[in-house]
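Below is a short report on the fold. It starts with a helix pair, then turns to the sheets and the ligand.

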Amino acid sequence: MTQTVLEVRGLTRRFGAFKAVDGVDLDIAEGEIHALIGPNGAGKTTCFNLLTGSLPASSGTIRLRGETISGLGMDRIAQRGLVRSYQISSIFPDFTALNNVRFALQQGRRTNFDFWRSELSLTGLNDAAMGLLDDLGLSDWAEVRAGDLPYGRKRALEIATTLALDPQVLLLDEPTSGMGREDIGRVTDLIRKVAAGRTVVMVEHNLPVVKGLCERVTVLARGQVIARGTYDEVAGDPRVVEAYLGKAHA
Ligand SMILES: Nc1ncnc2c1ncn2[C@@H]1O[C@H](COP(=O)(O)OP(=O)(O)OP(=O)(O)O)[C@@H](O)[C@H]1O
């Protein structure tokens with residue numbers, strides 16, 4: 001039987017009287033690639049902010065492997081293995097790609113001692129950083145200033161710095177946004193590769209990417225879950241069609 005790695009119940013976030021996230025339940029299975037989709041303003045980003053602890057919930061519970069993580073700060077949640085992809089703005093543009101990953105690995109050593117004790121030592125830092133760059137197709141770019149990388153490579157670097165923290169559950173925030181076709185194909189392949197041995201939850205607007213990549217999909221609209229299932233199941237759901245296109249099309 002598949003194990004639930006992330007269990008969310010009744011997750012709610014109010015801004016004044018407005019509920020941006022309203023009683024959301026999620027069950028994310030170990031090892032799956034799960035998409036959170038929905039029209040603009042549906043509450044996807046707020047949901048991610050609640051999962052990572054960057055925003056406190058108004059109510060509801062979040063359990064990671066059965067342990068309650070709601071109410072913990074971002075660092076402690078990351079320590080327990082749930083990490084969100086760094087935003088490009090958090091990549092240091094004047095560092096090389098290699099030094100960005102080295103830095104992230106050092107951060108990981110601070111937050112995940114067991115991982116380091118078992119896998120790495122200080123002398124292994126360069127090898128580990130090069131290994132991650134290699135995994136993400138960035139070895140030829142190791143000595144390039146991060147600020148000079150093309151957009152798609154920057155997103156790959158962002159994933160590399162996140163993987164440096166060795167997350168069990170990786171949250172990816174619109175990993176293909178702003179990319180051209182070629183970069184989308186490359187990043188999609190990368191996500192499939194890095195998903196081996198971990199669980200991935202992604203917010204993604206590009207529906208063909210979701211269809212190609214994600215085993216299960218949860219659809220949010222106006223802060224609530226309106227459908228869940230495989231891509232084909234939710235794409236055929238009249239509530240989803242209505243949420244995306246308006247009532248006339250449903
Ligand atoms: N800090 C805030 N204060 C007030 N309202 C907020 C705040 N953050 C988000 N909202 C509102 O909550 C709703 C959900 O926003 P959210 O960004 O989570 O949606 P989303 O599904 O990620 O949208 P998009 O796809 O456009 O990024 C929106 O109506 C937004 O205006």
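## Helix 6 and helix 7

The model is a predicted one. Helix 6 (residues 151-163) packs against helix 7 (residues 181-194) at an angle of about 15°, and their axes lie 9 Å apart. Because angles under 35 degrees count as roughly parallel, helix 6 is roughly parallel to helix 7. Their crossing is right-handed.

Which residues of helix 6 and helix 7 meet? Helix 6 brings Y151, G152, R155, A156, I159 and L163. Helix 7 brings D183, R186, V187, L190 and V194. By class, this contact holds seven nonpolar, one polar and three charged residues.

Six strands form an open sheet in the order 6-7-8-3-9-10. The pairing is mixed. Strand 6 (82-84) and strand 10 (224-229) are the edge strands. Each has a single partner strand, so one side of each is left without a neighbour in the sheet. On average, neighbouring strands of this sheet are turned by 20° against each other, direction ignored.

R84 has L171 in strand 7 as its bridge partner.

A second open sheet has four strands in the order 2-1-4-5. Here the pairing is antiparallel. Which strands stand at the edges? They are strand 2 and strand 5 (67-68). Each has a single partner strand, so one side of each lacks a neighbour in the sheet.

Strand 1 (residues 4-15) and strand 2 (residues 18-29) run antiparallel and are joined by eight bridges. R13 stands opposite V21 in strand 2. The two strands form a hairpin with two residues between them. G16 sits in the turn, with a positive phi of about 65°.

Strand 1 also pairs with strand 4 (residues 59-64). This pairing is antiparallel too, over five bridges. Within it, V8 has I62 in strand 4 as its bridge partner.

## Helix 1 and the ligand

Helix 1 (residues 44-52) lies across strand 1, strand 2 and strand 4. Helix 1 runs at about 65° to strand 2.

Which element gives the most to the shell around the ligand? Helix 1 does, with three residues. The residues around the ligand are F15, A20, G38, N40, G41, A42, G43, K44, T45 and T46. F15 belongs to this shell, and strand 1 covers residues 4-15. A20 is also in the shell, and strand 2 covers residues 18-29. By class, the shell has three nonpolar, six polar and one charged residue.

How values were computed:
Residues are numbered from 1 along each chain as its sequence is written. This is a predicted model: local features need pLDDT of at least 70, side-chain atom pairs count only at pLDDT 80 or more; totals for chains, interfaces and linings use all residues. Two strands pair if DSSP finds at least two bridges between them. Axes are lines fitted to C-alpha atoms, for helices over the stretch in contact, and angles run from 0 to 180 degrees between N-to-C directions. Angles under 35 degrees count as roughly parallel, over 145 as roughly antiparallel, 65 to 115 as roughly perpendicular and the rest as oblique. A crossing is left-handed if the near helix is turned anticlockwise from the far one by less than a right angle, and right-handed if clockwise. Two residues are in contact if their C-beta atoms, placed from the backbone, lie within 7 Å. Ala, Val, Leu, Ile, Met, Phe, Trp, Tyr, Cys and Pro count as nonpolar, Asp, Glu, Lys and Arg as charged, and the others, Gly among them, as polar. A residue is near a molecule or strand if its C-beta atom, placed from the backbone, lies within 6 Å of it.
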